[in-house]
Amino acid sequence: IRVSNDGSLHFGTGDFSISTWFNTTESSATGVIFNKGESTIVEPRIFIRTNAGSDNRLQWRIGNGITNLTRDITDAGLFDGNWHQVILVKHGGDMQFYVDGALADEITDPNFDAANVNSSRPVLFGAQDSLVSGNVPMGAFFDGGIDDVRIYGRAINAAEALELFNLTDPTVITASPEMQNDQVLVYPNPCNDVIRFAGLNRERIEAIEVYDMSGRMIRSFGQPDNQINVSELKPGLY
């Protein structure tokens, strides 16, 4: 999947987080899960990929074209054909990599305090952008599944990483037990202004309540007309 370059995907010198789920049984071939930037050492690039020269290896990079920080995690359990979640976080010169909700790798590099990682290349899921000069085909195709990719313009913390891992389904929620055959579509997710709801049985939604992760009700919306405005809520998971 190719997502054209856009200013909203330019992290500059700021913080960011990239979260995605993947599954694969291919542990001995390089397969790109997420890629932004050219496959050279002179261009800014961010990627999450498998293998890259060693079996059972998961690899991530944050590079500004001058300094490329590339790190490896070797774990055969990540290639068992089950779904696994990874999150790459940049917070100034601190970088973290979470696997299945737990911190798996962390490094501090002062070169990245103000490193500009902007690239004019598109974002690719499942392939590598190999356009160096001329028309060089893409490569490093990922053999497996990729799902629920989230890109944040900020650094998420350890508690949020665990909460993201524990989300069973980020878009479809089931109603109360006595209405277990009814489902509600919630979109867009994530969101910072207007969230819309659609009852899959086409019935009107009469009320919406918003709870934080501790179970405390934050807001109640009566007669919401199938949408609510959450712009006044603090950033977080609800």
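How many bridges join strand E2 to E11? Select residues 16-23 for E2, then look across to E11: 6 bridges join them, and the two run antiparallel. Strands here are DSSP runs of E with at least two residues, and helices are runs of H or I with at least four, numbered from the N terminus. Click Ser17 and you'll find Tyr152 of E11 opposite.

Before moving on, some ground rules: this is a predicted model, where local features need pLDDT of at least 70, side-chain atom pairs count only at pLDDT 80 or more, and totals for chains, interfaces and linings use all residues. Numbering starts from 1 along each chain as its sequence is written, and side-chain values use heavy atoms, leaving out hydrogens and water.

Now show the open sheet E9-E8-E7-E2-E11, 5 strands with antiparallel pairing (DSSP finds at least two bridges between two paired strands). Its edge strands are E9 (102-108) and E11 (145-152), each pairing on one side only.

Next, select E1-E10-E3-E4-E5-E6, an open sheet of 6 strands, also antiparallel. E1 (2-3) and E6 (68-74) each have a single partner strand, so one side of each is left without a neighbour in the sheet. Inside it, 3 bridges join E3 (31-36) to E10 (123-125); Lys36 has Val123 as its bridge partner.

Then try residues 207-211 and 217-222: E15 and E16, joined by 5 bridges. They form a hairpin with 5 residues between them, and Gly215 in the turn has a positive phi of about 95 degrees. Glu209 stands opposite Ser220.

Last stop: colour by pLDDT, the predictor's confidence in each residue, from 0 to 100. The protein chain's mean is 83, but over residues 170-176 the value is below 50. Where pLDDT is low, the predicted coordinates should not be read in detail.

Definitions and conventions. Contact = heavy atoms within 4.5 Å.
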